[in-house]
Amino acid sequence: MAILLKRESRVIIQNVHSAYARNMIGQMQAAGTNIVGGVAPGHGSTEFLGLPVFDTVAEAVAQTGADTSVIYTPAFAVADAIVDAADNGIKLAVAAAEHAPVHDVMPALAHAREQGMWVIGPNALGLLSPGLGMLCGLPPAFGTPGRIGLVSRSGTLTIAMLRALSAQGVGQSTAISFGGDSIIGRRPVEYVREFDKDPETDAIVVVGEIGGGKEAELAEAMGEISKPVFAMIVGRSAPEGRTLGHAGALARNSSETAAAKIARLRDAGVTVCPSPMATATAVRERCGL
Amino acid sequence: MDLCEWDAKSLLRRYGLPVPNARLCDLSKDRPEELSPSSILKAQTLFGGRGKAGLVRRAGSEPLATLDAIAAALAERRLPQVLMIEEATEFSSEFYLSVVLDDVAGCPVIMFSTNGGVDIEENGDVKTFPLPADVTVRQQDLVPFFIEAGAPGKSIGRLCRIATDLVRLFRNEDAVMVEINPLAVTAEGRLIALDCKATLDDSAGYRHEGRDFPLSQRLADARLSDYEREARENHFVLVQSPGDVVLVTAGAGLGMMVSDLLQDAGFKAATFFDNAAGAPGETAEARLDLAWRLAESDDIKAIMFYQALSTRDLAPRVLGLLERLKAAPPPKPFYFGLSASFVAEKTMTAKAAREAIAAAGYPAFEFPEEVVSQMAADRDSGKMGSAD
């Protein structure tokens, strides 16, 4: 069953003509994703890669019954694309764009939440449920079907962790990369709660970084989580006061350092590991895999 | 973009927020003839804690000597010799007021304390007021917040006005942080911003064409090393720190993680590479070139290359690297790691790439943990040579 994406989900692609979309559509389909159409204003009633193209999200939803969207709209317009999806009945969306202005994204994400739409991203590599489907840009071949949930800010670390888990025979129910931005659609704790409810997930791996309060929030919520949670927090060796790549990866005070996050998660009962391989080993041993 | 005090206060002024009279003085161009003993001399930097570092001082009975002392402290840190000379303000207490993003609430918050000044983190007792995601607020909505936070009655009206103006600035200027500390309270209950810093969202820079902060830009440039500046000119990001391994990775998360693994093995990454915003495609060659030169340094024991490719074609990268390894052997032991999805394996598999690098005489692995443990083994058996 995995989380969020269902076998019966009907997926549209916003900004379907983009290079990113062109690269990934075939991969998503090969992974099992049911893509039912694309959106490109001004190109309604055409076809692209065998998919019907619509002028608006509203038309695409009306014609195809779509409930899920992968948004490849670029940074300066991604906020409006999110609102468009939320206003037209989409319930799950991945937003890929990096460097979206935060004052655009913030109200768009708040609106999406009010409308009941779950946004992965922005600046996300997306979702992979091995054997079921993929949304956005995670390489399906790195995953193995199984019963471990994985959630990570960073795209490259989602891949690194997927590879380590798969190499040790630890399969995944769903892996999610939700992006390194400070303000995002849904936070780690929300994914962990979904995994906790999912009957096909036995344990949860969280990959976090320096900066922000999202891992501290997770630590506080651990009392309500019944499944074992494992974590790797990167940026332990980061030089003080310099932003390392991700907009959100800057420790603004002592509670946002990797050391502080690791201590809080440990105190809350999370098994914190230093590397992807060590995490995979810990999960394997704990779950008897 | 981080703004220094002078630039942040210029924004405050533009939004009608009260700041003391001040002028800017670039000691490399002009040295003031005389200064009022009561004026405050403030070195312009992008880091905090200037007071404790002796970079902010009252001019005092020997103003020019004070000026020289700050100039010397700046010279020692190799910082631009730019000072703000500000009229002193008499005040009875200090507030703290800021607007920052709350990554958990998904919206900005106003933060306020009646205990402003230095050490706000330790003894501030900061109260927060969540703002809606569209970052609008009316003065009347803030009244209960400031009363609750313990602000004296006669300052409430002014606080509400200043806070709404600050929120407007935060929204209209695409800021991600703006902080007034201290917000001084005069004996008459007037409020005045004695220090301010701000960070603007670079991603929104395109819609602020013409908005210019040359001093903050200059201070940011001065903070970069020659190599970091060169990286920027070549459209990628390099962050240097003291260390013994030149680490070449791509992707922010991966770079931080491999750097952690190196630290766990007793090494220290001297570099962090990343893509720059809106950068044109290929910078691999320029990165390697820079890595080779950085590795010339006596402090460096090894070069570690690790990439995880998901969509980019790996063949040209690996062939380019092989060519370089042949043409210009690395100045220090070179370690290679690569994983790739089948999409990146358009004309060459990751396995074939690792074999090609290994055939050229360099250790090559699939996982970063393997690379780092080989490096540690080589160091411990003396194969890496000693940099100490």
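How many of the five residues of strand β2 (residues 35–39) of chain A are buried? Five of the five are, so β2(A) is largely enclosed by the rest of the structure. The cut-off behind this count is a relative accessible area under 20%. The model is predicted. Its scores are ipTM 0.92 and pTM 0.93.

Strand β2(A) belongs to an open sheet of seven strands in chain A. The strand order is β3-β4-β2-β1-β5-β6-β7, and the pairing is mixed. Strands β3 (46–48) and β7 (118–120) of chain A stand at the edges. Each has a single partner strand, so one side of each is left without a neighbour in the sheet. On average, neighbouring strands of this sheet are turned by 30° against each other, direction ignored. Within the sheet, β2(A) runs parallel to strand β1 (residues 11–14) of chain A, and four bridges join the two. Ile13(A) stands opposite Gly38(A) in β2(A). Gln14(A) has Val39(A) of β2(A) as its bridge partner.

Chain B was examined next. Its mean pLDDT is 91, and 97% of its residues reach 70 or more. The chain holds 12 helices and 17 strands. Its C-alpha atoms fill a box of roughly 80 × 50 × 40 Å, taken along the principal axes. Of its 388 residues, 52% count as buried. Among contacts in chain B with a separation of 6 or more, 68% come from residues 24 or more positions apart.

Strand β6 (residues 93–102) of chain B has two pairings described here. Seven of its 10 residues are buried, so β6(B) is largely enclosed by the rest of the structure. One pairing is with strand β9 (residues 175–185) of chain B, antiparallel and over seven bridges. There, Phe95(B) has Leu183(B) of β9(B) as its bridge partner. The other pairing is with strand β7 (residues 107–113) of chain B. These strands also run antiparallel, joined by seven bridges. Val99(B) is partnered by Ile110(B) in β7(B). The hairpin of β6(B) and β7(B) has four residues between the strands. In this hairpin, Gly106(B) takes a positive phi near 75°.

Helix α5 (residues 153–172) of chain B was checked for its length and course. At 1.5 Å a residue, its 20 residues should span 28 Å. The end C-alpha atoms are 30 Å apart, which agrees. Leu159(B) is itself buried. Other buried residues of α5(B) include Ser155(B), Ile156(B), Cys160(B) and Ile162(B). The buried set also takes in the run Ala163(B), Thr164(B), Asp165(B), Leu166(B) and Val167(B), together with Leu169(B) and Phe170(B). Just after the helix, Asp174(B) takes a positive phi of about 55°.

Chain B also contains an open sheet of four strands, in the order β13-β15-β16-β17. Its pairing is parallel. Strands β13 (245–248) and β17 (364–365) of chain B stand at the edges. Each has a single partner strand, so one side of each is left without a neighbour in the sheet. Seven bridges join strand β15 (residues 302–309) of chain B to strand β16 (residues 334–340) of chain B. These two strands run parallel. Ala308(B) has Ser339(B) in β16(B) as its bridge partner. Helix α12 (residues 368–380) of chain B packs on the sheet. This helix touches β13, β15, β16 and β17 of chain B. The direction of α12(B) makes about 170° with that of β15(B).

Ala286(B) lies in helix α9 (residues 284–294) of chain B. At 24% relative accessibility, Ala286(B) counts as partly exposed. The residue is in contact with Asn234(B) and Phe236(B), leaving aside neighbours within four places in sequence. Thr199(B) is 87 residues away from Ala286(B) in sequence. In space, the two are 30 Å apart, C-alpha to C-alpha.

Note on methods. Residues are numbered from 1 along each chain as its sequence is written. Chains are lettered from A and ligands numbered from 1 in the order in which they are written. This is a predicted model: local features need pLDDT of at least 70, side-chain atom pairs count only at pLDDT 80 or more; totals for chains, interfaces and linings use all residues. Side-chain values use heavy atoms; hydrogens and water are left out. The expected span of a helix is 1.5 Å times one less than its number of residues. Buried means under 20% relative accessible area, exposed over 50%, partly exposed in between (1.4 Å probe, protein chains only). Two strands pair if DSSP finds at least two bridges between them. Contact means heavy atoms within 4.5 Å. Axes are lines fitted to C-alpha atoms, for helices over the stretch in contact, and angles run from 0 to 180 degrees between N-to-C directions. pLDDT is the predictor's confidence in each residue, from 0 to 100.
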